Amino acid sequence: MRVVHDVIRDGLFAINSTLEQMAEARQQVTTGRRINAISDDPAAVVQAVGEHATMATLDAYTSTANAAAARLAAADTVLTGFINKISGAITTAAAARGSMSTPESRAAYAQQIRAYRESLVGDINAKFGNNYLFSGSEVTTAAYAQSGGAWTYQGDAAPVQLEVENGRLVSVSLDGRALAQGSDTTDLFTALDDLATAIDNNDQPAIQAGMDALDRAFDRAVTVQGRVGIDERGTDEATARLSALRLAAEGRRSNLEDANLAEAIAKMNQADVSYRAALGAVSSAERLSLLDYLK
Amino acid sequence: MSGLFQSLTSAANAMDAQRMGLDTVGQNMANVNTPGYARRRLILGELPPTSWKNAGRGVEVLQIQAQRDRYIEDRLRREQSGASYTGAQLQGLSSLQTSIGLPGAGLDARLSGLFDAFSTLANDVTSPTARDNVVAQGRSLALSFNAMAERLAGARRDADGAIRGAVDEVNQLAEEIAHLNDKIVSANGVDTEAIRDRRGVALTRLAELAGVNVVERADGAADVSIGPGFALVVGAHAFQLSMTPSSPSAMGVITIGGIDITSQIATGTMGGLLDLRDTVLPGYQTQLDQFAFDFATQFNALHTTGFDGNGNAAGDFFVQPGAVAGAAAAFAIDPGVAGNSLLVAGSATGAPGNNEIARDLAALRDARVLSGGTATAAEAWGQFVYRVGSDIATAESDDDTHSQVALQLQKLRDSASGVSMDEEAAWLMKYQRAYEASARYFTTVNSAIETLMQMVMR
């Protein structure tokens, strides 16, 4: 067969082919990515879209878990103070109940009880950011307010819940009435007001009833704090799981999208050699012809 | 004596023939880079002796023949037509793929942004900043849908414009071929190989543009048909293609002699562009529109079950598309929501801290509510990306294959018709030597005649 070498067509075709390979390898090395266009590996691109979505979901859960952890920590702190104050009120009431008390000392105890009540109202109306922690889903309304001499719960029983991982909800806004009243006929604050009055009047049965109400409030607060603690631990566990899942998803994404740099560099060197060889072959093919030997 | 003069004539004929050989070599060398040029070969014939007393009358030039292989040229035209088809599609799709973006950097990122914004809103449903962010992300997603739809529409318009240009070029080439046919038919024995070369170049370009069929007549004219057999050139007459906008798409319809042949052109650049304009890109548009329609519908369906920041029943979050067609281009956040982020639903009860709807809207990210309830939003986008990506990959692969085959056929064509400088150099030497030998023979005979003449003159 006659062989006709066309330097423009054959030579440039060979040069362009090797140049394309080199450009592809160089792009992988410089970008660190195996996929630089959706046509590079469409099946891998689809999987990568899925992995990006998975990572975004995990990031959103992590962000929510962090937000939940902050609010639960705040609630936990408030509840610790709440419990301590109830304990203090119980201790004060016990001191006031003794036979050695004088009207002056009882007045001081009663005043102390009222100060505890004031502080506990402050606790139950604590806010995280702009939201009340113990008003259920009525987060913009203080949990308890005094109206016409009576304490009224202004929130609701529906907790605000955050989803810290798929299917796991934690309550970050609590039912204040369940904390302050539970199944009692009166709430903690009314009970404290009544207790202060009973101490003023040295009404021993009423003081005992007030102390019983404080004991029940203490139990309720401890129970609520326990639940918060469980949610805090669950949130921490969820955060750890999310982090592990994120790492795994990132690994899968990297396998799909990122270049194997050692392989890419080897390919780039190989393409460089091929390119030089093509240049050499083309130039040598054009260097000589029979015309050079005709005298 | 008369024998010697005949020898002189024979030598002169031979010198003339070798000179024509040198001319032919010169012509071949001169046209080594001329597209479509078929190398010429000098066909020599022996002049037989007139009687048994002489060896012969030398040589005569029978023909200067162009070396062509019609079978290879036909195959080459078909392959170039296929290469142009995939090349045109590849060009159109490649410009599209840059606008789709890589995973995590395209419309999927905007979807994630919206879901993330609702997730953040669920963390603090009373936060004005979180609400504003939801609106901003919704607007960003809408703009992404709009931009993608516009790019698809733009790609269709670009393809239409390129087809219009190709139609004009086809008409010019058809006129040129008809004109060259006329010259070939009316040559009256004059060498027409140069005209055939020019016609070959025009036919090759025509095949690249529209994948034509060529039939060469006995008189040398080439009849050209387009599509399944619509005459484009018959002898010296060319038929014109015309392109008129159709309603309502405004895309051009190609007719020849009043007959719509748009769907009949299936190869060449025009075939590739028509397929891109009328099938591939509309397919993408439909898929994107369906995605946008389903997404807006599902999102609104959930959004309207909630209560806005004012405690009122919420309306649509996105403007509800009236139909699937055009849903991506018309995708927009509800004007009321866009102007007042308090109208974003977050609560399922109306209580200001209730975040169930915000949570549910964020969880829509993982819900298979699209593509007939089989895909999440990311999966639906992935399906779209896969379709475009695999179409481009297929076009790239086909283009490579066609280019390789076309290159091999081009080499085959060159092995029959191409000019080899080495070969021409060999012929140059051969004709030169033959010319020198004939000249020496002429000198020798002339010398013999002189000898005879001197004998007579004594």
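The legends below describe close-up views of a predicted model.

**View 1. The largest nonpolar core of the model.** This core has 167 residues. Those that touch the most other members are Ile113(A), Phe118(B), Ile177(B), Leu206(B) and Ala292(B). Helix α2 (residues 42-97) of chain A supplies the largest share, 22 residues.

**View 2. Surroundings of Ile177(B).** Neighbours within four places in sequence are left aside here. The contacts of Ile177(B) are then Arg199(B), Ala202(B), Leu203(B), Ala222(B), Val224(B), Val233(B) and Ala238(B). Ile177(B) is also listed with the residues that touch the most other members of the largest nonpolar core.

**View 3. Helices α6 and α10 of chain B.** The axes of α6 (residues 268-303) and α10 (residues 377-417) come within 10 Å and cross at roughly 175°. With angles over 145 degrees counted as roughly antiparallel, α6(B) and α10(B) are therefore roughly antiparallel to each other. From α6(B), Val280(B), Tyr284(B), Gln287(B), Leu288(B), Phe291(B) and Phe295(B) take part. They meet Ala377(B), Ala380(B), Phe384(B), Arg387(B), Val388(B) and Asp391(B) of α10(B). This contact comprises 9 nonpolar, 1 polar and 2 charged residues.

**View 4. The contact between chain A and chain B.** Chain B contributes 48 residues and chain A contributes 43 residues. On the chain B side, the elements giving two or more residues are α2 (70-100), α3 (107-123), α9 (356-363), α10 and α11 (421-457). The most come from α10(B), with 16 residues. By class, the chain B side has 20 nonpolar, 18 polar and 10 charged residues.

How values were computed: Residues numbered from 1 in each chain as written. Chains lettered and ligands numbered in written order. Predicted model: local features only at pLDDT ≥ 70, side-chain atom pairs only at ≥ 80, totals over all residues. Core = buried A, V, L, I, M, F, W, Y, C linked by C-beta atoms within 7 Å. Buried ≥ 20, exposed ≤ 12 C-beta atoms within 10 Å, placed from the backbone. Helix = DSSP H or I, 4+ residues; strand = E, 2+ residues; numbered from the N terminus. Contact = placed C-beta atoms within 7 Å. Axes fitted to C-alpha atoms, helices over the stretch in contact; angles between N-to-C directions. Parallel < 35°, antiparallel > 145°, perpendicular 65-115°, else oblique. Nonpolar A, V, L, I, M, F, W, Y, C, P; charged D, E, K, R; others polar.
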